[in-house]
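Subject: Structure handover

Hello,

Please find the structure below, followed by notes on what was found in it.

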Amino acid sequence: MTIPVWFLTLPGVMMLDITGPAETLKLAGDAFSLHYIGPEESVLTSTEMQVAQIAPLPESLPSGSLLILPGAADSRMAFATPQADIARRWLRRIQPAILNGDITLICICSGSLLAAQSGLLSGVQCTTHHQVIARLKAADPGAIVRENRIFVEDRGIWSSAGITAGIDLSLHLIHRLCGAALALDVAREMVVWFRRSGDDPQLSPWLRYRNHLHPAVHRAQNLLMQQPEQEWPLEEVARRVHVSARHLTRLFRQHLGITVREYHEQLRIAIARQRLQQGEGAEKAALSAGFSSSRQLRRAQQRWATF
């Protein structure tokens, strides 16, 4: 059975908030049918690309539909327009179908703001881009806002963090609705090898420690990221990036606040998580990530439980 997906498309929409989930779901074949609806027949997006042939807002949506609310490049302006007012009134009209579970609501990035302004997130656990968290709390003080999450689900209402998190959420929905095998096939087709789960922090180890400018540290990180499952003695990493082991250790402490071994371990944990999400057993996932056993993986996870 094909699942209908409806993208609420407003002027100023963040292009990747639409195309990320749309391309992901489209690659699932006939599992989903995509539709674009909104107050206007055409809109100018965040990339200044014109999107046309947008269908009018329907009176209702078929039961079993997915309704996606993309964010906007400048949500302060985009959600203060007459078109946004029309969208909010329409969302309030279909709210009973959302609350009854007939329609699955999916908020991408600042799309959560539009949902909150429409009264859809009161008493609901939700999230958004880390820079929009405060505004989401202000938009509906009754919303249960979860910080530093890739995506959150509560009673059939989904919300995700910024921009590319919509791809993570879409892959998760394919997994949930169509099975792990199809989700893995789509992820491989998209070359999204490290699909994140909802509980992952918005800044994963692949990104969290890249906010520095030291070339030797970047070279070491790139090296470890290419094959994190293999053993990397400190001396070998240092030799490959043309510094001494002692100096590399000092650089990691100075720029990242952790050791080379600790950084490597976090990458391995991220891989093991990915394997587990794809349905592998704990022992196989641990070995695939470079741990000696699932017990060693659990100990590593406990060391980084607060991160």
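What covers the buried residues of H12 includes H10, helix H11 (234-240) and H13. Contact here means heavy atoms within 4.5 Å, and buried means under 20% relative accessible area, with exposed over 50% and partly exposed in between (1.4 Å probe, protein chains only). Helices (H or I, at least four residues) and strands (E, at least two) are DSSP runs, numbered from the N terminus.

This is a predicted model, in which local features need pLDDT of at least 70 and side-chain atom pairs count only at pLDDT 80 or more, while totals for chains, interfaces and linings use all residues. Residues are numbered from 1 along each chain as its sequence is written, and side-chain values use heavy atoms, leaving out hydrogens and water.

Helix H12 and its cover

Helix H12 spans residues 245-255, and its buried residues are Leu248, Leu251 and Phe252. They sit on the same side of H12, because they cover an arc of only 100° around the axis; the arc is that of the directions from the helix axis to the C-beta atoms. The face turned away from this buried side carries the exposed residues Arg246 and Gln254. After H12 comes Gly257, with a positive phi near 80°.

H10 against H13

The axes of helix H10 (residues 215-226) and helix H13 (residues 260-277) come within 10 Å and cross at roughly 40°. Axes are lines fitted to C-alpha atoms, for helices over the stretch in contact, and angles run from 0 to 180 degrees between N-to-C directions. The crossing of H10 and H13 is right-handed, meaning that the near helix is turned clockwise from the far one by less than a right angle. On the H10 side the contact uses Gln221, Leu224 and Met225, which meet Val260, Tyr263, His264 and Leu267 in H13. By class, this contact has five nonpolar, two polar and no charged residues. Ala, Val, Leu, Ile, Met, Phe, Trp, Tyr, Cys and Pro count as nonpolar, Asp, Glu, Lys and Arg as charged, and the others, Gly among them, as polar.

His264 in H13 is buried, with a relative accessible area of 8%. Not counting residues up to four places away in sequence, His264 touches Leu224, Pro228, Gln230 and Trp232.

Aromatic pairs

The structure holds four aromatic pairs. Rings of Phe, Tyr and Trp (its six-membered ring) pair if their centres lie within 6.5 Å; planes under 30 degrees apart count as stacked, over 60 as edge-to-face and the rest as tilted. Phe7 and Tyr36 are stacked, because their ring centres are 5.1 Å apart and their planes lie at 20°. This pair links distant parts of the chain, with Phe7 in strand S1 (residues 3-8) and Tyr36 in strand S2 (residues 32-37), 29 residues apart. Phe7 is buried at 0% relative accessibility, whereas Tyr36 is partly exposed at 31%.

Phe151 and Trp158 form a tilted pair, with ring centres 6.2 Å apart and planes at 50°. Phe151 is buried at 7%, and Trp158 is buried at 4%. Ring pairs also link Tyr209, Phe252 and Tyr263 into a cluster.

Positive phi outside glycine

Gln53 has a positive phi near 60°. Gln53 lies in the loop between strand S4 (50-51) and strand S5 (65-69) and is exposed at 71% relative accessibility. Arg155 has a positive phi near 55°; Arg155 is in the loop between strand S9 (151-154) and strand S10 (157-160) and is exposed at 56%.

Regards
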